[in-house]
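Please read the sequence and the model shown here together with the report below.

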Amino acid sequence: MKIAATLLTCGVVALALPQAAKANCADFRASASELTLDYDPFDRAEIERAFTIHVRRLDPRVTAVRLVLANPGAINRGAALGRNSSVRYDIRWIRDTGRMVLVSGAEQPNATNGALVQFSPGAGGDNVNETFRIQVPAGQGIVAGNYYQPLELRFVCLAGRDELDRGMQLGSQVAVDLTVPERIATFVGSMGIQRGRIDFGDVDGSGGNLTRGLTVTAQSTVPYEIRVAEERGALKRFDGDEAALPYALKVSGFPVSDRSMIACSQTPAPGGRNHGVQVELAGKDLQRLPAGQYADVITLTFSPRLGLSGGEGCASVRP
C-alpha cells in the first residue's frame with residue numbers, strides 16, 4: 001500500500017494600529033518578534049518563551065508601577081482569538097512565577113496580583129525592562145490560522161505607598177501573535193512510514209471469508225479528504241491476468257472502491273486520527289482460483305478539503 005500526503009504551510013500576520021494609553025503616568029511595549037509564535041498541535045512539548053515588556057515612566061513622581069495583563073472580551077484567562085477557535089495560553093512573571101499577572105474579567109491590579117516594577121530616582125531610571133514568560137500548552141486541537149490578541153495592560157502608578165493614578169493601555173504594543181500552519185501528515189504504524197502491506201499468506205478458502213487490515217494515522221490542522229485509488233481493482237497475479245480475486249475494501253469503516261472519497265474534519269491532537277484499512281476476501285472466490293500470488297496496490301491520497309463544514313469525524317462523500 002502506498003500513502004500519499006500533502007503538506008502545506010501558511011502564515012498570516014495580523015496588524016493593529018497602536019492606541020494611546022488612557023493615563024499619562026507610564027506606558028508599555030514589547031517586541032513583536034518575541035510574542036510571534038508558531039504552534040504545532042501535534043508537538044507534545046508546550047511552548048515556553050521569555051519576552052520583555054519595556055516600561056517607561058512618564059511622570060517623574062512615580063516610583064513604581066503595578067501591572068496586570070488581560071484579554072479584553074474573553075471569558076477565560078489567556079485565549080488568543082482566531083476565526084473559528086481560540087488558543088489557550090498563560091503568562092508568568094519571571095521574578096515571581098507564582099504570582100498572577102494574567103487576569104480575567106474586570107480584575108484590577110492590587111496587592112495580591114500583578115508585577116511590581118520599580119524605577120530608580122532621576123531621569124536615568126525612567127525606563128525599566130521586565131521579563132515575563134508565555135506558556136502555550138501542547139496538544140490543543142485547533143484549526144490552522146492566525147490567532148492574534150492585543151493584551152490590555154491595567155496598571156497603578158505609585159509614589160512610595162501612595163497611589164497617583166490608574167490606567168489602561170490596549171493596542172498592538174503588547175500582543176500575542178500565534179500561527180498554526182496548515183499541515184497534513186500521515187504514517188503507517190510509525191512516524192515516517194508511508195507504505196503498508198496487507199498479507200493474507202497462504203489461503204485456500206476452506207475457512208470461509210478472510211479479513212486483514214492495517215491502520216493509517218493522520219495528523220491534520222485542516223479539514224481533509226481521502227481519495228481511494230485501486231491499481232487493478234482486484235487481486236491478480238499480473239496485469240491482464242484473467243484470473244481475478246475480488247476483494248471488499250473499507251476505510252475508516254466505510255465501504256470504498258476505486259475513486260471513492262472520504263471527507264474528514266481536522267484531527268484531534270496530539271495523537272491524530274486513526275483510519276483503519278480493511279480488506280475482506282470471500283472464501284468461495286478463493287476456492288475457484290488457480291494457485292499463485294495475487295496482489296493489488298491501493299493508494300490513499302490525503303489533501304486539504306477547503307470549506308468543509310459539519311460535525312467532527314469523517315463521512316463518505318461523492319467525489
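**Basis.** This is a predicted model, in which local features need pLDDT of at least 70 and side-chain atom pairs count only at pLDDT 80 or more, while totals for chains, interfaces and linings use all residues. Residues are numbered from 1 along each chain as its sequence is written, and side-chain values use heavy atoms, with hydrogens and water left out.

**Overall make-up.** The protein contains 1 helix and 25 strands. Helices (H or I, at least four residues) and strands (E, at least two) are DSSP runs, numbered from the N terminus. Of the 319 residues, 45% are buried. Buried means under 20% relative accessible area, exposed means over 50%, and partly exposed lies in between (1.4 Å probe, protein chains only). The accessible surface comes to about 16100 Å², and 48% of this surface belongs to carbon and sulfur atoms. These areas come from the Shrake-Rupley method with a 1.4 Å probe; for residues, only the protein chains shown count as cover. Among contacts between residues at least 6 apart in sequence, 81% join residues at least 24 apart. A contact means heavy atoms within 4.5 Å.

**Disulfides.** A disulfide is a pair of cysteine sulfur atoms within 2.5 Å, and by this rule the count comes to 2. With bonded cysteines counted along the chain, the pattern is 1-2, 3-4.

| Disulfide | Sulfur atoms apart | Torsion about the S-S bond |
|---|---|---|
| Cys-25 and Cys-157 | 2.0 Å | 75° |
| Cys-264 and Cys-314 | 2.1 Å | about 110° |

The link of Cys-25 and Cys-157 is right-handed. Cys-25 lies in the loop between strand 1 (2-5) and strand 2, and Cys-157 lies in strand 13 (residues 145-159), so the pair ties together parts that are 132 residues apart in sequence. Both Cys-25 and Cys-157 are buried.

The disulfide of Cys-264 and Cys-314 is right-handed because its torsion is about 110°. This pair links strand 22, which holds Cys-264, to strand 25 (residues 314-317), which holds Cys-314, across 50 residues. Cys-264 counts as buried because its relative accessibility is 0%, whereas Cys-314, at 23%, counts as partly exposed.

**Strand 17 and its partners.** Strand 22 also takes part in strand pairing: strand 17 and strand 22 (residues 261-264) are antiparallel and share 4 bridges. Two strands pair if DSSP finds at least two bridges between them. Strand 17 also pairs with strand 24 (residues 298-304), in the antiparallel sense over 7 bridges. Ile-226 has Ile-262 as its bridge partner in strand 22 and Phe-302 as its bridge partner in strand 24. In strand 17 (residues 224-230), 5 of the 7 residues are buried, so this strand is largely enclosed by the rest of the structure.

Another group of 5 strands forms an open sheet in the order 2-4-12-8-9, with antiparallel pairing. Its edge strands, strand 2 (26-30) and strand 9 (96-100), each pair on one side only. Within this sheet, strand 8 (residues 90-93) is joined to strand 12 (residues 127-136) by 4 bridges. Ile-91 stands opposite Ile-134 in strand 12.

**Ser-252.** Ser-252 sits in the loop between strand 20 (248-251) and strand 21 (254-256). Its relative accessible area is 25%, so Ser-252 is partly exposed. Leaving out residues up to four places away in sequence, Ser-252 touches Asn-274, His-275 and Gly-276.
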